[in-house]
Amino acid sequence: MAFCKYCGKQLADGEVCSCQNVAAVNQEPQMAAPQMEQTYGQPQMNTQPQMNPQFQGNPMNGQPYQPNPQMEQAKQAAGGFLKTALDSITHPVTNAVNCSRTSGNFGLISILVNLVLALIGLIILCLYVKGQLGMFGSAIPYAKLVVGSLVLSAATYFGYAASYFLTTKFIFKSELSFKNSMNIISSKAIWDIVVVVIAFLFLILNAKAGVFLFVIGSLFTLLVMLYSYSEAVTISSDKKVYAMFISIILVAIVTMILSKFIFGDSVSSLVNSLKSIL
């Protein structure tokens, strides 16, 4: 007579006890229970650190946070533009000449910034004029004046750049790229922003003083651009005079055609309405 050494059950000769098989079957649900609880229980909290898009690195792995390269490049580009813009104000001709001898896009960026700020300024000016005129200014097409002024400003900047490029390179056979030509007029674009801001502030206090400062400031920025071109190109002085004269004539013709096409008689109605302010 034999007995099972695990459960003590009496066994016949050659019989094998099945107690171990039953124990294994009963143990499987208990072993799977923690897994089921983890899978279908309450949501587990994410213990991994959330990464700031401005920084890179994993402090859990001993890696310190590092600034995002794209953010750093954007900050450096903005800081570089502001520094160059300040140099354009303090040393307008020198900075324009230095920019014209590089392959950077400071001229194009200056023009775009100028146009964006001009849009904001024109909207504020239209609101101011509309408030001053009241019902008498209802006939003024403010939207057309804003859009038309931006088109004329862009045509002036790019027109000077194109005329300088064409006359210098193809008429007087000297090296000057279109990008460098835009860099030449960068100081004018920056100084135009300063002139418009100062003239607008005085316009609020005294309309005649604001208009006077705008005219004087525009003449100053024109002189800055002409002298910058004269210092930047390598053609003779006589050719520089002809190139600048041709550029002024071409830009004047283009702007007059655009003004007539865009505004029509709107300018006359605006001038007549502004007489009550002035």
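V233 sits in the loop between helix 8 and helix 9. Helices here are DSSP runs of H or I with at least four residues, strands are runs of E with at least two, and both are numbered from the N terminus. This is a predicted model, in which local features need pLDDT of at least 70 and side-chain atom pairs count only at pLDDT 80 or more, while totals for chains, interfaces and linings use all residues. Residues are numbered from 1 along each chain as its sequence is written, and side-chain values use heavy atoms, with hydrogens and water left out.

V233 counts as buried because its relative accessibility is 8%. The classes work as follows: buried is under 20% relative accessible area, exposed is over 50%, and partly exposed lies in between, with a 1.4 Å probe and protein chains only. Leaving out residues up to four places away in sequence, V233 touches T168, L176 and K240. Contact means heavy atoms within 4.5 Å. S100 is 133 residues from V233 along the chain, yet their C-alpha atoms are separated by 9.0 Å.

Step back to the whole chain. The protein chain has 10 helices and 4 strands. Read from the N terminus, the order is β-β-α-β-β-α-α-α-α-α-α-α-α-α. Of the 278 residues, 31% are buried. Among contacts with a separation of 6 or more, 62% join residues 24 or more positions apart. The chain exposes about 18100 Å², and carbon and sulfur atoms supply 66% of that area. Accessible areas come from the Shrake-Rupley method with a 1.4 Å probe; for residues, only the protein chains shown count as cover.

Now the interior. A nonpolar core is a set of buried Ala, Val, Leu, Ile, Met, Phe, Trp, Tyr and Cys residues joined through side-chain atoms within 4.5 Å. The largest such core has 23 residues, and I111, Y160, Y164, L176, I185, M225 and Y229 have the most contacts inside it. Two or more residues each come from helix 4 (106-133), helix 5 (142-171), helix 6 (178-184), helix 8 and helix 9 (237-262). Helix 5 gives the largest share, 5 residues. Take I185 as an example. Beyond its neighbours within four places in sequence, I185 contacts I111, Y157, Y160, A161, Y164 and M225. Another core, of 12 residues, lies apart from this one; L133, Y142, L150 and L152 are among its members.

S228 counts as buried because its relative accessibility is 1%. Not counting residues up to four places away in sequence, S228 touches P92, V93, A96, V97 and I184. V211 lies in helix 8 as well. V211 is partly exposed, because its relative accessible area is 41%.

V211 belongs to a nonpolar surface patch with V196, F212, F214, V215, I216 and L219; together these residues have about 620 Å² of accessible area. Helix 8 supplies the largest share of the patch, 6 residues. Patches are made of residues with over 30% relative accessible area and no salt bridge; nonpolar side chains (Val, Leu, Ile, Met, Phe, Trp, Tyr) are joined within 5 Å, like charges within 9 Å.

Charged pairs come last. Side chains of opposite charge can pair when their charged atoms come close. A salt bridge requires a side-chain nitrogen of Lys or Arg within 4 Å of a carboxyl oxygen of Asp or Glu. The structure holds 3 of these salt bridges.

One joins D87 and K83, with the closest N and O atoms 3.5 Å apart. Both residues lie in helix 2 (residues 69-90), 4 residues apart, about one turn of the helix. D87 is partly exposed, because its relative accessible area is 27%. K83 is exposed, at 55% relative accessible area.

Another links K188 to D192, again with closest N and O atoms 3.5 Å apart. These two share helix 7 (residues 186-205) and stand 4 residues apart, about one turn of the helix. K188 counts as buried at 9% relative accessibility, and D192 is buried at a relative accessible area of 11%.

E175 and K169 also form a salt bridge, the closest N and O atoms being 3.6 Å apart. E175 is exposed, because its relative accessible area is 70%. K169 is partly exposed, with a relative accessible area of 27%.
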